[in-house]
Amino acid sequence: MQILAPLHDSALLAALDTVTGPAVPVVSVAPVMLDAPGRAFPLEVRVSAPAIGTDLPLLLFSHGNGWSLDGYAPLATSWASRGFVVVQPTHLDSRRHGIGFDDERFGSIWMQRRDDLVRVLDQRAVAEAAVPGLAGRLHPTATAAAGHSWGAQTVQMLLGARVLDADGAPGPDLGDARVQAGVLMAATGLGGDELHPFAKANFPFMNPSFAELTTPTLVVAGDRDQSRMSQRGPDWFTDVFHLSPGATDLLTLFEAEHSLGGIPSWEAAETTDENPERVAVLAGSPRSTSARRSPATMRPGNGRARCSPSSARRSAKSTAEPSPQPSAASATAAAAATSASSVAAPSAPGVHARRAFRCTKQVGVLKATHEMPPS
């Protein structure tokens, strides 16, 4: 068992605290074993929870390719320090398992990743019991899911996205109604002819249909995330925002590559664009949306960011200032829940307000446009 201290190495965190609230100590326990009959390796998870608080929402986190329950501490610790019980499974593609692209088991991992998250939902009582002092403090239903890269693809299936079959028809619905909101970070976009041949041959899940994704979702992308899996540019990672009715919020990070500033770990080889402040903004964005604010907006007077609406990029959109009143869009940030009501599902599919915010480069990590349907 570890006692983890919240992040303190970015001056921007002080400003974020005015939106998210102060951090508290975190208790993290790993490995916690979950029942997974027939799985090639035992299913191990890390459970991180705040040392205090009640009615704590559950947040599932799915790692990117090759990682494990020991990664993504910059996000997991920050979210747990602000009120979430974060559960991180080690998926079968983890480097510690040694299942490479040439392994016959690799082809089914994308589906087994989704099954790992469902097992966490089914065995949430096991996760709760694993952390000393957590019993009775976990909210019975408030649940969100977040994922990065391959993890984002895994989570989007729980949110309702489908995978197209060889004939171009949407595959089965693998969504789970227990997940009430989501965060998709660096989620790959549409497939088709622009996919690299290697991706076409090895990643059947890179042919998504986003039309069925109706769960409130925050999309996070970097404007310098150039994938080798597609001929498309960084806009490939925003497809889910533009093409799904549930993805109502887009946060784009300036100069961010695929690690978005270092969310797996600042010291990792994958972190080619290390930026602790960028990570701090990302870690604070889901909670700030639950406070009826843009993920990219700081409160006035902190001297950190100034946001203003720009012209809408979609039809039937206005550029009015965001309303401070509660709306369906306030549920779109997955990790935003502090109670069942703040992870509420939308009243009807396809009617969410859509938001993306463009801030000046005064902060140097954010850009956004504000998009809302006319009243």
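Counting ring pairs in this predicted model gives eleven aromatic pairs. Here, rings of Phe, Tyr and Trp (its six-membered ring) pair if their centres lie within 6.5 Å; planes under 30 degrees apart count as stacked, over 60 as edge-to-face and the rest as tilted. Take F106 and F203: their ring centres are 6.2 Å apart and their planes meet at 55 degrees, so this pair is tilted. F106 sits in the loop between β5 and α3, while F203 sits in the loop between α6 (197-202) and β9 (208-209), so the pair links distant parts of the chain, 97 residues apart. (Helices, H or I with at least four residues, and strands, E with at least two, are DSSP runs numbered from the N terminus.)

F106 is buried at 6% relative accessibility, and F203 is buried at 7%. "Buried" means under 20% relative accessible area, "exposed" means over 50%, and "partly exposed" is in between (1.4 Å probe, protein chains only).

Then there are W150 and F205, with ring centres 5.2 Å apart and planes at 15 degrees, so they count as stacked. W150 belongs to helix α5 (residues 150-158) and F205 to the loop between α6 and β9, so this pair ties together parts 55 residues apart in sequence. Both W150 and F205 are buried.

Now for the charged side chains. A salt bridge is a side-chain nitrogen of Lys or Arg within 4 Å of a carboxyl oxygen of Asp or Glu, and by that rule the count is twelve. Here are some of them:

| Salt bridge | N to O distance |
|---|---|
| R114 and D115 | 3.4 Å |
| R119 and D116 | 3.4 Å |
| D273 and R278 | 3.3 Å |

R114 is buried at 14% relative accessible area, whereas D115 is partly exposed at 26%. R119 and D116 both lie in helix α3 (residues 109-122), three residues apart, which is about one turn of the helix. D116 is buried, with a relative accessible area of 0%. R39 joins in too: R39, D116 and R119 are linked in a network of salt bridges. As for the remaining pair in the table, D273 is buried at 7% and R278 is buried at 3%.

Next, have a look at strand β3 (residues 43-50), which is mostly covered, with seven of its eight residues buried. Strands pair if DSSP finds at least two bridges between them. Strand β2 (residues 26-34) pairs with β3 in the antiparallel sense over seven bridges, and V32 stands opposite V45 in β3. Strand β5 (residues 85-89) also runs antiparallel to β3, joined by four bridges; there, V87 is the bridge partner of V47.

Zooming out, the chain has eight helices and 13 strands, and buried residues make up 58% of its 375 residues. Among contacts (heavy atoms within 4.5 Å) between residues at least 6 apart in sequence, 74% join residues at least 24 apart.

How confident is the predictor? The mean pLDDT (the predictor's confidence in each residue, from 0 to 100) is 77, and 73% of residues reach 70 or more. Over residues 287-352 the pLDDT is below 50, though this stretch has 169 contacts in the model beyond near neighbours in sequence.

Residues are numbered from 1 along each chain as its sequence is written, and side-chain values use heavy atoms, with hydrogens and water left out. Since this is a predicted model, local features need pLDDT of at least 70 and side-chain atom pairs count only at pLDDT 80 or more, while totals for chains, interfaces and linings use all residues.
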